[in-house]
Amino acid sequence: MKAKEFYNTVVEMRKFQRQYARSNGRDSKARQYARQYEQIIDHEIKRVELVTKEQLAPRLDI
């Protein structure tokens, strides 16, 4: 995921989180979308952490 795509996903996630919070927990669709975006963001963070870790300590394939 490119930086702009990550940014746009976070913006959408926050939009649905705010919508859910404003509904006092009654907007189940907003909660569902917020959780979906949270999963996407969490997955991307883990992916980048793995890539970064690999770059810092590359494997020696002998």
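Threonine 9 is in contact (heavy atoms within 4.5 Å) with Met1, Tyr37, Ile40 and Ile41, leaving aside its neighbours within four places in sequence. This is a predicted model, where local features need pLDDT of at least 70, side-chain atom pairs count only at pLDDT 80 or more, and totals for chains, interfaces and linings use all residues. Residues are numbered from 1 along each chain as its sequence is written, and side-chain values use heavy atoms, with hydrogens and water left out.

**Helix α1**

Threonine 9 lies in helix α1. Helices here are DSSP runs (H or I, at least four residues), numbered from the N terminus. Threonine 9 counts as buried because its relative accessibility is 11%. The classes are buried (under 20% relative accessible area), exposed (over 50%) and partly exposed (in between), with a 1.4 Å probe and protein chains only. The side chain of threonine 9 also reaches the backbone oxygen of glutamate 5, at 2.8 Å.

Which residues of α1 are buried? They are Thr9, Met13 and Phe16. They cover an arc of only 65° around the axis, so they sit on the same side of α1. The arc is taken from the directions from the helix axis to the C-beta atoms. These buried residues pack against α2. The face turned away from the buried side carries exposed residues: Ala3, Lys4, Ala21 and Arg22.

The length of α1 agrees with expectation, because its 20 residues should span 28 Å at 1.5 Å a residue and its end C-alpha atoms are 28 Å apart. The expected span is 1.5 Å times one less than the number of residues.

**The loop**

Just after α1, asparagine 24 takes a positive phi of about 55°. Serine 23 is found in the loop between α1 and α2. Serine 23 is buried, at 17% relative accessible area. A polar atom of its side chain lies 3.0 Å from the backbone nitrogen of aspartate 27.

**Aromatic cluster**

Phe16, Tyr33 and Tyr37 form one aromatic cluster. Rings of Phe, Tyr and Trp (its six-membered ring) pair if their centres lie within 6.5 Å; planes under 30 degrees apart count as stacked, over 60 as edge-to-face and the rest as tilted. The count comes to two aromatic pairs.

| Pair | Centre to centre | Angle between planes | Type |
|---|---|---|---|
| Phe16 and Tyr33 | 5.1 Å | 40° | tilted |
| Phe16 and Tyr37 | 5.9 Å | 10° | stacked |

Phenylalanine 16 is in helix α1 (residues 3–22) and tyrosine 33 in helix α2 (residues 28–56), 17 residues apart. Tyrosine 37 also lies in α2, so its pair with phenylalanine 16 ties together parts 21 residues apart in sequence. Phenylalanine 16 is buried, at 13% relative accessibility. Tyrosine 33 is partly exposed at 34%. Tyrosine 37 is partly exposed at 23%.

**Salt bridges**

There are two salt bridges, each a side-chain nitrogen of Lys or Arg within 4 Å of a carboxyl oxygen of Asp or Glu. Lysine 15 bridges to glutamate 12, with the closest N and O atoms 3.1 Å apart. Both lie in helix α1, three residues apart, about one turn. Lysine 15 is partly exposed at 36% relative accessibility, and glutamate 12 is partly exposed at 27%.

Arginine 47 bridges to glutamate 44, with the closest N and O atoms 2.7 Å apart. They are separated by about one helical turn because they are three residues apart in α2. Arginine 47 is partly exposed at 35%, whereas glutamate 44 is buried at 6%.

How values were computed
Helix = DSSP H or I, 4+ residues; strand = E, 2+ residues; numbered from the N terminus. Polar contact = N/O pair within 3.5 Å; in protein donor to acceptor, adjacent residues only side chain to side chain.
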